[in-house]
Amino acid sequence: MTTVYDVPADHIIRRVAEELKKRKEIVPPAWAAFAKTGVHKEMPPEDPDWWFTRAAAVLRRVYVDGPLGVERMRSFYGGKKNRGSRPNAFRKGSGSILRKSLQQLEAAGLILHDKTGRRVSPEGMKFLDNLSQEVLKNPPAPVPKRVKPVAEEPKKADAKKGKAKGEKAAAADGAEGGKAEKKPAKKKADKAEAPQ
């Protein structure tokens, strides 16, 4: 039987996030649009559906490493904080985000909470294993990488415009005939006569 261990993490997390959107228990709080995912981040997530992706990742993490608690989960979702000229330092992720998502997954019946910590319920295990089998049969399309547009420097843009004008002028002179060729020839002849 196919389990979560047989499928790449990013594939199963994307598929689980799609399914969690359909559940009424999993709802992002009002502050989710403005919150950072930890003190090590400079900006909040760009993806508007990041809450469902994080809940799916938390559910998979509890399946793989459970039973565990919020404090241990914080270290999984932490990262390096940029401290300017000082060396980077590790900081834990947001506990509130993890706590709320775990509570929502408990309300949905996918996670159980006991004195050892949080672990996957039999219903949650069945849910993840069925989705793993679907993902193994029909893997999702790869996510296209975001390419940031490169702003051109004004100097380069002006140089290109100058070249384009010069090329147009040369083409216009060539279309007029031999006039463009005769003028430089006369100048060379004048210069040759001047030193004598």
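The model is predicted.

Start with the whole chain. It holds 7 helices and 4 strands. Read from the N terminus, the elements follow the order α-α-α-β-β-α-β-β-α-α-α. The chain has 196 residues, and 29% of them are buried. Its exposed surface comes to about 13,600 Å². Carbon and sulfur atoms supply 55% of that area. Now look at the contacts in the chain with a separation of 6 or more. Residues 24 or more positions apart account for 63% of these.

Next, find helix H1, which spans residues 9-21. We will follow its packing against two other helices. Take H2 to begin with, at residues 50-65. The axes of H1 and H2 lie 8 Å apart, and the helices pack at an angle of about 120°. H1 and H2 are therefore oblique to each other. The crossing of H1 past H2 is right-handed. Which residues of H1 and H2 make the contact? On the H1 side they are Ala9, Ile12, Ile13, Val16, Ala17, Leu20 and Lys21. On the H2 side they are Phe52, Thr53, Ala55, Ala56, Ala57, Leu59 and Arg60. Sorted by class, this contact has 11 nonpolar residues, 1 polar and 2 charged.

Now turn to helix H5, residues 122-137. The axes of H1 and H5 come within 10 Å and cross at roughly 120°. H1 and H5 are therefore oblique to each other. Their crossing is right-handed. From H1, the residues in contact are His11, Ile12, Arg15, Val16, Glu19 and Leu20. From H5 come Phe127, Leu128, Leu131, Ser132, Glu134 and Val135. How do the residues of this contact divide by class? There are 7 nonpolar, 2 polar and 3 charged. Ile12, Val16 and Leu20 of H1 meet H5, and these three residues also take part in the contact with H2.

Proline 140 sits between H5 and helix H6, which covers residues 154-176. Is proline 140 buried or partly exposed? It counts as partly exposed because its relative accessibility is 28%, and the buried class stops under 20%. Proline 140 and histidine 11 are 129 residues apart along the chain. Yet their C-alpha atoms are separated by 6.6 Å. Setting aside neighbours within four places in sequence, proline 140 is in contact with His11, Arg14 and Val135. His11 and Val135 are also part of the contact of H1 with H5.

Go back to the loop between H1 and H2. Histidine 40 is found here. Histidine 40 is buried, because its relative accessible area is 13%, under the 20% limit. What is histidine 40 in contact with, beyond its neighbours within four places in sequence? The partners are Tyr77, Gly78, Gly79, Lys80, Lys81, Arg91, Lys92 and Gly93.

One last stop is the loop between H2 and helix H3, where H3 runs over residues 70-76. Proline 67 has its place in this loop. Look at the peptide bond from glycine 66 to proline 67. This bond is cis, with omega near 0°.

Methods
Residues numbered from 1 in each chain as written. Predicted model: local features only at pLDDT ≥ 70, side-chain atom pairs only at ≥ 80, totals over all residues. Heavy atoms only, no water. Axes fitted to C-alpha atoms, helices over the stretch in contact; angles between N-to-C directions. Parallel < 35°, antiparallel > 145°, perpendicular 65-115°, else oblique. Left-handed = near helix turned anticlockwise from the far one by under 90°. Contact = heavy atoms within 4.5 Å. Nonpolar A, V, L, I, M, F, W, Y, C, P; charged D, E, K, R; others polar. Buried < 20%, exposed > 50% of the residue type's maximum accessible area, 1.4 Å probe, protein only. Areas by Shrake-Rupley, 256 points an atom, 1.4 Å probe, with all protein chains shown as cover.
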